[in-house]
Amino acid sequence: MTRTDFDALCAVHPGAVLSGPGELDAWKVGGKMFACFGHTDQRATNDDHVVVRCADTEMAQMLIESGAAGKPAYFRGAWVRLDLPTLDPDEAKHRVAVSYTTIRSGLTKKAQAALPPLPEEC
C-alpha cells in the first residue's frame with residue numbers, strides 16, 4: 001500500500017479533507033482527525049505509516065497484541081499505527097472506514113448535519 005493509495009481510500013468519505021499548511025499531515029472530517037501521517041513539513045516523506053482510530057481501546061489493544069498494528073508514538077487509547085508497505089488493501093479500507101465513522105459519530109449533531117450524508121455502506 002502506498003501513501004497515494006491510502007489517500008485515495010480517505011478521500012472517498014463524505015466531507016473528508018486533507019489538512020492544510022501548518023497542521024499535522026492528516027485527514028479530517030468536521031475538523032477532527034481520523035488518519036494522521038505526521039507533520040506537514042515532511043508530507044513528501046510521510047509514506048511509511050499512518051495512525052488511525054479504532055472503535056474502542058479493546059480493539060486497538062487486540063490489534064497491537066496480535067501484531068496487526070503497532071502502538072503509535074504520540075497517541076493513546078483507541079489509536080493504532082499501521083505500516084503502509086505491508087498493509088493489506090482490504091484491511092486498510094476497513095480501518096479507514098472504522099476510523100472515519102468513529103470520528104464522525106463523535107461530532108456534534110450540528111457538525112454532522114453540515115456534512116454530506118453517509119453512503120449506505122458506512
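This is a conversation about how terms are applied to a predicted model.

Biologist: What are the ground rules for the model?

Modeller: The model is predicted, so local features need pLDDT of at least 70, side-chain atom pairs count only at pLDDT 80 or more, and totals for chains, interfaces and linings use all residues. Residues are numbered from 1 along each chain as its sequence is written, and side-chain values use heavy atoms, with hydrogens and water left out.

Biologist: How many aromatic pairs are there by the rule?

Modeller: Three. Rings of Phe, Tyr and Trp (its six-membered ring) pair if their centres lie within 6.5 Å; planes under 30 degrees apart count as stacked, over 60 as edge-to-face and the rest as tilted.

Biologist: Why is the pair of Phe34 and Tyr100 called edge-to-face?

Modeller: The centres are 5.4 Å apart and the planes make 85 degrees. The distance lies within 6.5 Å and the angle is over 60, so the pair is edge-to-face.

Biologist: What makes this a link between distant parts of the chain?

Modeller: Phe34 is in strand S3 (residues 32-39) and Tyr100 is in helix H3 (residues 89-105), 66 residues apart. Helices (H or I, at least four residues) and strands (E, at least two) are DSSP runs, numbered from the N terminus.

Biologist: Are Phe34 and Tyr100 buried or exposed?

Modeller: Buried means under 20% relative accessible area, exposed over 50%, partly exposed in between (1.4 Å probe, protein chains only). Phe34 has 0%, so Phe34 is buried. Tyr100 is also at 0%, so Tyr100 is buried.

Biologist: Why is the pair of Phe75 and Trp79 called tilted?

Modeller: The centres are 5.2 Å apart, with 40 degrees between the planes. Phe75 is buried at 18%, and Trp79 is buried at 13%.

Biologist: What sits over the ring of Phe37?

Modeller: The charged end of Arg3, 3.5 Å from the ring centre. A charge sits over a ring if NZ of Lys or CZ of Arg is within 6 Å of the ring centre and within 35 degrees of the ring normal.

Biologist: What makes Arg3 and Asp7 a salt bridge?

Modeller: A salt bridge is a side-chain nitrogen of Lys or Arg within 4 Å of a carboxyl oxygen of Asp or Glu. Arg3 and Asp7 meet at 2.9 Å, N to O, so the pair qualifies. The two are four residues apart in helix H1 (residues 3-11), about one helical turn. Arg3 is buried at 9%. Asp7 is buried at 17%.

Biologist: How many salt bridges does the whole structure have?

Modeller: Five. Among them, Asp83 pairs with Arg81 at 3.2 Å. Asp83, at 35%, is partly exposed. Arg81, at 25%, is partly exposed as well.

Biologist: How do you know that Glu91 and Arg95 form a salt bridge?

Modeller: Their closest N and O atoms are 3.0 Å apart, within the 4 Å limit, so the pair counts. Glu91 and Arg95 lie four residues apart in helix H3, about one helical turn. Glu91 is partly exposed at 29%, whereas Arg95 is buried at 6%. Elsewhere, salt bridges that share partners join Arg3, Asp7 and Asp25 into one network.

Biologist: Which residues does Arg95 touch?

Modeller: Contact means heavy atoms within 4.5 Å. Not counting residues up to four places away in sequence, Arg95 touches Val52, Arg53, Cys54, Met59, Leu63 and Leu82.

Biologist: What makes a set of residues a nonpolar core?

Modeller: A nonpolar core is a set of buried Ala, Val, Leu, Ile, Met, Phe, Trp, Tyr and Cys residues joined through side-chain atoms within 4.5 Å. The largest has 33 residues, and Phe6, Phe34, Ala35 and Val50 have the most contacts inside it. At least two residues come from each of H1, strand S2 (24-29), S3, strand S4 (49-53), helix H2 (57-66), strand S5 (79-83) and H3. S3 supplies the largest share, five residues.

Biologist: Which residues of H1 are buried?

Modeller: Arg3, Phe6, Asp7, Leu9 and Cys10.

Biologist: Why are they said to be on the same side of H1?

Modeller: Because they cover an arc of only 155 degrees around the axis. The arc is that of the directions from the helix axis to the C-beta atoms. Strand S1 (16-18), S2, S3, S4 and H3 are among what covers these buried residues.
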